[in-house]
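Let's look at a protein model together and ask how we know what we say about it. Here it is.

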Amino acid sequence: MAKASAAAETPRVAILTRPEGRNEALAGRLLGAGWTPCMLPALEIQALPAVAGGPPRPSDYDMVVFVSGNAARLYLDQWVQADGPVPWPAGVVAATVGPASAQALRVSACFGANTTVLHPPESAPSHDSEALWEVLRALPQLPARVLLVRGTQGRDWLGDKLEAYGVAVTRHAAYLRRPASWDADQLASLQHWAGAGVPATWLITSGEGADAVRAGLDGAGLADWWAQCRFVLTHPSLERRVPRACHEAGGPPMVKICLPNDESIFQAFVAA
């Protein structure tokens with residue numbers, strides 16, 4: 001019997017670091033495409049406790065901007081806890097950084113068919129604050145009062161941009177993100193792949209997530225392996241969060257950049 005090639009024996013490992021509950025469908029597709037998926041959230045999403053009186057109400061603003069699907073879901077939870085099931089106020093526009101986070105709003109019972117949800121199109125070059133700004137600046141007039149719903153950490157580029165154009169921005173944190181704790185089995189899998197010289201491909205979707213992964217690997221003595229891995233990134237700014245050798249000219253293509261939706265991420269892994 002002919003000996004199998006080393007390439008055939010080496011598994012293609014996809015490490016999916018989005019928060020819990022966001023990786024399962026993608027993992028199934030990758031498994032079907034011959035990958036070994038590993039769901040390893042980099043961050044835990046923790047809803048912040050309700051404050052006295054509840055969160056800022058959408059009716060007090062012209063527009064409510066949600067920076068992520070988590071921001072949308074957790075803000076709506078806070079609002080329902082304070083006021084009970086209520087419809088989204090007529091005339092108040094909602095906006096998100098992409099179609100995926102817009103879907104988190106549309107599935108909510110408080111959103112009617114006539115509620116306006118602005119977001120960059122699926123075909124936009126990116127789904128981020130800059131892309132949403134291009135949508136907002138094309139409006140006949142910017143809203144006077146904006147509620148910006150986000151986590152306790154993250155970029156504040158869009159809020160600063162709106163304020164520079166005279167918009168009154170209120171920032172509301174609906175959740176916090178903190179590094180996830182990996183259990184013994186998860187660490188054992190990482191150590192097995194590192195010891196076998198398997199260059200895993202990591203999905204990185206945020207700067208905080210990249211930092212949490214790097215810290216976790218440092219603590220497990222796997223920093224050298226991190227420098228040998230490949231990466232699928234959902235924003236060009238994340239390139240500076242992965243080892244420099246991965247995207248230096250002349251080296252192998254170890255970084256793929258794609259939109260933050262499952263189809264784009266899947267295609268990036270297939271091409272990696």
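Q: Which residues does R18 touch, not counting residues up to four places away in sequence?
A: First, keep in mind that this is a predicted model. R18 touches N23, L26, P41, L203, T205, D262 and I265. To count as a contact, heavy atoms have to be within 4.5 Å.

Q: Where in the chain is R18?
A: You'll find R18 in the loop between β1 and α2.

Q: What makes the pair R18 and R22 a polar contact?
A: Check the distance: a polar atom of the R18 side chain lies 2.7 Å from the backbone oxygen of R22.

Q: Which residues of helix α2 are buried?
A: In α2, residues 24-32, these are L26, A27 and L30.

Q: How do you know that the buried residues of α2 line one face of the helix?
A: Look down the axis of α2: the buried residues fall within an arc of 100°, so they line one face. Here's the general idea: an α-helix has 3.6 residues a turn, so residues three or four places apart point the same way.

Q: What do the buried residues of α2 pack against?
A: They pack against β1 (13-16), β2 (36-39), β9 (201-204) and α10 (262-271).

Q: What makes A25, L31 and G32 "exposed"?
A: Exposed means over 50% relative accessible area. A25, L31 and G32 are classed that way, on the other side of α2.

Q: What comes after α2?
A: α2 is followed by G34, which has a positive phi, near 95°.

Q: How many residues line the largest pocket, and which lie nearest its centre?
A: There are 47 lining residues, and V67, S68, R177, T205 and S206 lie nearest the centre. The volume of this pocket is about 1300 Å³. α4 gives the most to the lining, with five residues.

Q: What classes of residue make up the lining of the largest pocket?
A: The lining has twelve nonpolar, 22 polar and 13 charged residues.

Q: How much space lies in the second largest pocket?
A: About 200 Å³. Of its 14 lining residues, P19, E20, P41, L43 and E44 are the closest to the centre. β3 gives the largest share of the lining, three residues.

Terms used: Residues numbered from 1 in each chain as written. Predicted model: local features only at pLDDT ≥ 70, side-chain atom pairs only at ≥ 80, totals over all residues. Heavy atoms only, no water. Buried < 20%, exposed > 50% of the residue type's maximum accessible area, 1.4 Å probe, protein only. Helix = DSSP H or I, 4+ residues; strand = E, 2+ residues; numbered from the N terminus. Arc of directions from axis to C-beta. 1 Å grid on protein atoms, 1.4 Å probe; cavity = no way out; pocket = protein on both sides within 12 Å on 5 of 7 lines; lining within 4 Å. Points joined across faces, edges and corners; volume = space filled by probe spheres on them. Nonpolar A, V, L, I, M, F, W, Y, C, P; charged D, E, K, R; others polar. Polar contact = N/O pair within 3.5 Å; in protein donor to acceptor, adjacent residues only side chain to side chain.
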